[in-house]
Amino acid sequence: MYKMYKISDLYDLNHTLAKEYLEGFEYPWEALGGIKSFIIKLGKSLPEDEYDEISENVWVHKTASVAPTAFIGAPAIIGKNTEVRHCAFVRGSALVGENCVVGNSVELKNVILFDNVQTPHYNYVGDSILGYKSHMGAGSITSNVKSDKTLVCVKSKDEVIETGLKKFGAMVGDFVEVGCNSVLNPGTVIGRGSNVYPLSSVRGVVEEKSIYKQGVIVKKF
């Protein structure tokens, strides 16, 4: 049941400080509600010789680079060698891994970014989890609330999964490439190693190692 949507199908948990937390769930959207409290607990356990608590419940690795114009709201953790650029807006409840890029005018809210994730230009990522080495092209966003404000479902060609969540952006697997100015609509799940063409409006499930183009999904050869 719900094959392909499990955490183990989408993510290599060796590339995030949230490994132990995520291991407590079967499906990734189940983890969204506890991200805030998890970050606060994790932050208090981080080694002081590696992380600075720059404000209450905001921990930044000593090797990370944070622009003076960036805003990082609590709670948040910014990982090793990560770059937070000019005018980035981290609203809070954000766990950002190692070697990530949070770019100019990017907004993060209630998210887990695995290591080596890039959100480099004008991205909004909310109530979402982005897997290892995933990349959001310039202007691509996760839409996390339906226009009619009803609860978000995950829809594939075979089934509809009730999540019980009003706010749920996208579950983006490892090594996913999202093209410029694309929208990942509420409840989107993108499998490992898939590509989304620029200017796409994605709904439902994109299987692993697939290409999404103008509503058509094809498997990679």
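**Reading the terms**

Mentor: At 33% relative accessibility, Glu83 counts as partly exposed. The model is predicted, so local features need pLDDT of at least 70 and side-chain atom pairs pLDDT 80 or more, whereas totals for chains, interfaces and linings use all residues. Residues are numbered from 1 along each chain as its sequence is written, and side-chain values use heavy atoms, without hydrogens and water.

Trainee: Why is Glu83 called partly exposed?

Mentor: Buried means under 20% relative accessible area, exposed means over 50%, and partly exposed lies in between (1.4 Å probe, protein chains only). The 33% of Glu83 falls in between, so the residue counts as partly exposed.

Trainee: What makes Glu83 and Arg85 a salt bridge?

Mentor: A salt bridge requires a side-chain nitrogen of Lys or Arg within 4 Å of a carboxyl oxygen of Asp or Glu. The closest N and O atoms of Glu83 and Arg85 are 3.2 Å apart, so the pair meets the definition. Arg85 is partly exposed, with a relative accessible area of 27%.

Trainee: How many salt bridges does the structure hold?

Mentor: The structure holds six salt bridges. One of them joins Asp174 and Arg192, at 3.3 Å from N to O. Asp174 lies in the loop between β16 (170–172) and β17 (177–178), and Arg192 in the loop between β19 (188–190) and β20 (195–196), so the pair ties together parts that are 18 residues apart in sequence. Strands are DSSP runs of E with at least two residues, and helices are runs of H or I with at least four, numbered from the N terminus.

Trainee: Are Asp174 and Arg192 buried or partly exposed?

Mentor: Asp174 has a relative accessible area of 2%, which is under 20%, so Asp174 is buried. Arg192, with 26%, is partly exposed.

Trainee: How do you know that the buried residues of α3 are on the same side?

Mentor: In α3 (residues 35–45), the buried residues are Ile35, Phe38, Ile39, Leu42 and Gly43. They cover an arc of only 130° around the axis, which puts them on the same side of α3. The arc is that of the directions from the helix axis to the C-beta atoms. On the other side of α3, Lys41 and Lys44 are exposed.

Trainee: What covers the buried residues of α3?

Mentor: The cover includes α2 (19–22), β2 (58–61), β5 (76–78), β7 (89–96) and β9 (107–113). Contact here means heavy atoms within 4.5 Å.
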